[in-house]
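Let's take a look at how a chain folds up, starting with its sheet. Here's the sequence with its structure.

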Amino acid sequence: MKESRLVLVQYATAVAAVALVSVHLIMQGVIYPYTTAISFDNILSVYRNGFYAIFLEALLVVVLVHGFNGVRIILNEFRQTKPWAMWVDAATVFAIIVTVAYGTRTVILAVFGGAPA
Amino acid sequence: MNEVRLIVQRFDPFEDVEPRMLEYAVPKWEGMTVLDALLYARDYLDHSIALRFSCRQASCGSCGMKINGRPRLACYTQVAELGGKKVVAQPMDNFAIIKDLVTDMESFFEKHRELLPYLSRADPRELDKPSAEYIMKPEELEKILQFTYCIKCGLCTSSCPTVATDSKFPGPQALAQAYRYIADPRNEGGEETLRLLDDTHGVWRCHFAGSCSFVCPKGVDPALGIQLLKRHVMSGRAPRKKGEGAKVWATSLDTPSQK
């Protein structure tokens with residue numbers, strides 16, 4: 001992918017992350033009192049709300065893509081060889097896939113399994 | 001005594017292991033520039049000081065160096081504006097040292113050349129034998145005018161934190177000049193430059209620190225040029241629309257002298 005497209009992804013995920021994290025913090029700190037928000041039952045009920053589960057999945061993807069792409073940019077500034085850039089790019093894609101998959105697993109398990117709400 | 005303490009970083013890569021700072025007491029006079037002080041030291045105190053200079057009027061860009069910790073032109077910096085007591089002269093950062101204050105500018109000019117800093121036309125015959133005058137509107141000139149003031153002194157590149165870490169990054173001078181030619185309505189090329197810039201180590205590595213604009217002795221704002229350039233790299237197109245170059249060409253035939 002061209003660097004300009006990756007930068008566009010970085011900008012888009014940055015804007016989306018600000019919006020999603022803001023909503024998330026408002027939900028967790030303002031709408032519900034913080035101690036209630038982090039209780040096991042509340043978290044499970046939040047996951048089982050279809051809309052909020054999709055919201056959390058989107059938050060997960062946006063933050064991880066933005067974070068790992070940022071790390072890729074930093075690592076590419078450290079060294080300027082082609083093999084290094086290739087490894088960094090491959091590692092970034094791998095890291096995004098693995099962490100998104102693991103986070104998605106958590107969301108899916110919370111929605112369809114786990115302890116009763 | 002009316003003297004200035006001139007401290008010069010000395011380093012000969014063929015003889016020295018690391019740089020050393022040597023101090024010279026130089027008589028001070030009104031209007032004295034750092035270049036004057038250095039030339040006095042070289043002519044009367046130590047003939048071995050190596051420095052590069054030419055025009056003495058901030059036009060050639062030869063005497064760029066770090067003066068009291070900031071990249072400046074030695075000929076354009078008065079001793080009085082530095083407090084008048086102590087002047088520390090060091091070679092520019094981000095450049096290899098040839099000797100003392102003389103730095104190797106080869107990669108700097110090479111990066112400039114790589115981004116094709118010249119006008120091109122779809123019809124190559126126009127480059128050698130233009131059949132009419134190419135006209136720019138005042139507002140078109142306004143967009144690029146400040147960037148044409150660049151004297152290629154290297155001070156912006158010397159102050160750039162990205163150049164310090166990424167040896168493949170073209171640097172603020174090359175990027176600002178790339179913008180200068182891409183934004184020029186007389187240029188029908190530019191797409192190749194945009195392609196070169198859309199790279200892992202290209203225009204996107206500028207983090208907009210702005211130090212390049214801060215140190216430029218000619219009032220150029222390379223950081224602005226780079227941000228404007230990013231817009232064109234994102235679209236992959238030079239700013240003019242298709243056929244507009246020809247339009248400029250057509251209007252050039254309609255000059256008052258030719259009516």
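Chain B has an open sheet of 5 strands in the order 2-1-5-3-4, with mixed pairing. Two strands count as paired if DSSP finds at least two bridges between them, and the strands themselves are DSSP runs of E at least two residues long, while helices are runs of H or I of at least four, all numbered from the N terminus. Keep in mind that this is a predicted model, where local features need pLDDT of at least 70 and side-chain atom pairs count only at pLDDT 80 or more, while totals for chains, interfaces and linings use all residues. Residues are numbered from 1 along each chain as its sequence is written, and chains are lettered from A and ligands numbered from 1 in the order in which they are written.

- Strand 2 and strand 4 of chain B are the edges, each pairing on one side only.
- From one strand to the next, the twist averages 35° (axes are lines fitted to C-alpha atoms, for helices over the stretch in contact, and angles run from 0 to 180 degrees between N-to-C directions).
- Strand 1 and strand 2 of chain B run antiparallel, joined by 8 bridges.
- Strand 1 of chain B also pairs with strand 5 of chain B, this time parallel, over 4 bridges; B:Leu6 has B:Val87 as its bridge partner there.
- Strand 3 (residues 64-67) and strand 5 (residues 86-90) of chain B are antiparallel, with 2 bridges, and B:Ile67 is partnered with B:Ala89.
- Helix 1 (residues 34-45) of chain B packs on the sheet, touching strands 1, 2, 3 and 5 of chain B, and its direction makes about 95° with that of strand 2.

**Zooming in on B:Leu22**
- You'll find B:Leu22 in strand 2 (residues 20-27) of chain B, with B:Val8 standing opposite.
- Leaving out residues up to four places away in sequence, B:Leu22 touches B:Val8 and B:Arg10 (contact means C-beta atoms, placed from the backbone, within 7 Å).
- B:Leu22 counts as partly exposed because it has 15 C-beta neighbours inside 10 Å (20 or more would be buried, 12 or fewer exposed).

**Two domains**
- Chain B is split into domain 1 (3-103) and domain 2 (106-258), with bounds from an automatic or database domain assignment.
- The centres of domain 1 and domain 2 of chain B, taken over C-alpha atoms, are 32 Å apart.
- Where they touch, 14 residues come from domain 1 of chain B and 14 residues from domain 2 of chain B.

Note on methods. Contact = placed C-beta atoms within 7 Å.
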